[in-house]
Amino acid sequence: MRKIQVQAIEEAVYELFLQANYSIEPGIEKAITEAVEQETSDAGRFVLKQLSENYRIARTEKMAICQDTGASMVFMDIGQEVYLEGELPETAVNRGVRRAYTEGFLRKSMVKDPLFDRTNTGDNTPAILYTRIVEGDRISLSVAAKGFGCENMSRTKMLVPGDGIDGVKDFILETIRIAGPNTCPPSLVGVGIGGTIDYAAMLSKRALLRPVGDTHPDARYAQLEQELLEKANQLGIGPGGYGGKMTALAVKIESYPTHIASIPVCVTMCCHASRHASRVL
Ligand code: SF4
C-alpha cells in the first residue's frame, strides 16, 4: 500500500482549478489559431483572433478565460493500493475548490438548491465529484470548470437499436444545430454512448477531458468522430454564431456496453473554453 495524505488532494484540486481557469489547453489554442486559416467568414476570423488574444491575456495576466468560471467538476481515479490518510476525500476536494475560487478571484456560480433556495453558496462548492477505484498505487485527478451556457444546450436521448448509427449521428448533429450560438462556438462536443441514461451522461463529460488533437484508439469511433466534426462544420453556425465554417473544434466519443433494448446517447456541449487540467498523485 502507498500512503497518500488527503491534504495532497486539496492542494492538487486548488492548483488545477487555477490552471484550468487561466490557461486553456494548448491543443485548443493551437486549434483556434489553425481555424483562422480555415475560416471562410470575416466575422468568424475576427472572433477566432479575439479568442486567441483572450487566451493569451488570461494566461499571462492570470485572469479567468471567461466570466462564467463554471461548475467545478472533479474526476478522481483512486488506485486500489492507495491508503488515504486524513479526512474524507470529498471534504478535501471542496476545500480545494473553495480556495481556488476565492483566492483566484473566480466567479462563484453554485446555488444551494435548484428549486427552493437559489442563494449562491459563495465559494463554488459543492464540486460535482466522480470517483473510481482503479489498479495501482496512484490517484489520477482531472478537473473541469464547466460553463453552463453550453451545458444548457446539452441533450440526452434513449435511442433504440432500430435507430442505428444513423439515428445516433442525426441526434448529435441536431443537438449541435439547435445549440446554435448559445454554446459560444467553436464548440467541443462530448458524446457518451451506451451504459444507462446516467452513465452515458458521465461518459460525455469524460470525453471532454481528452486532448483536442488526439485520435480515438478504436478506428471505428475515430472515423465517426471525424465524420461528425466535418458535418458539424457544414452547419454554418460559425465562430460566435456569426456564420462561417468553424462551428466545432472536435467531437469526442466515449462508449460502454449497453442493454439489448437501447442505445443511450448523451451529448454534452462545451464552448471553446473547455477548461480542464489533470495531475497524477
Ligand atoms: S458557454 Fe463557455 S465561453 Fe460562453 S459564457 Fe459560458 S463558459 Fe463562457
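Select helix α2 and helix α3: α2 passes α3 in a left-handed crossing. Left-handed means the near helix is turned anticlockwise from the far one by less than a right angle. Helices here are DSSP runs (H or I, at least four residues), numbered from the N terminus. This is a predicted model: local features need pLDDT of at least 70, side-chain atom pairs count only at pLDDT 80 or more, and totals for chains, interfaces and linings use all residues. Residues are numbered from 1 along each chain as its sequence is written, and side-chain values use heavy atoms, without hydrogens and water.

Stay on the pair. α2 covers residues 26-38 and α3 covers residues 42-61. Their axes are 9 Å apart, at an angle of about 150°. The two are therefore roughly antiparallel (over 145 degrees). Axes are lines fitted to C-alpha atoms over the stretch in contact, and angles run from 0 to 180 degrees between N-to-C directions.

Now show side chains. On α2, the contact (heavy atoms within 4.5 Å) includes I28, I32 and V36. On α3, pick out L48, L51 and Y55, among others.

Next, colour the domains. Domain 1 is 2-23 + 65-146, and domain 2 is 148-275; the bounds come from an automatic or database assignment. Their centres, taken over C-alpha atoms, are 25 Å apart. At their contact, 17 residues of domain 1 meet 14 of domain 2.

Finish at the ligand. Select C66, Q67, D68, G147, G149, C150, C184, C271, H272 and R275 around the ligand (a heavy atom within 4 Å).

Methods
Angles under 35 degrees count as roughly parallel, over 145 as roughly antiparallel, 65 to 115 as roughly perpendicular and the rest as oblique.
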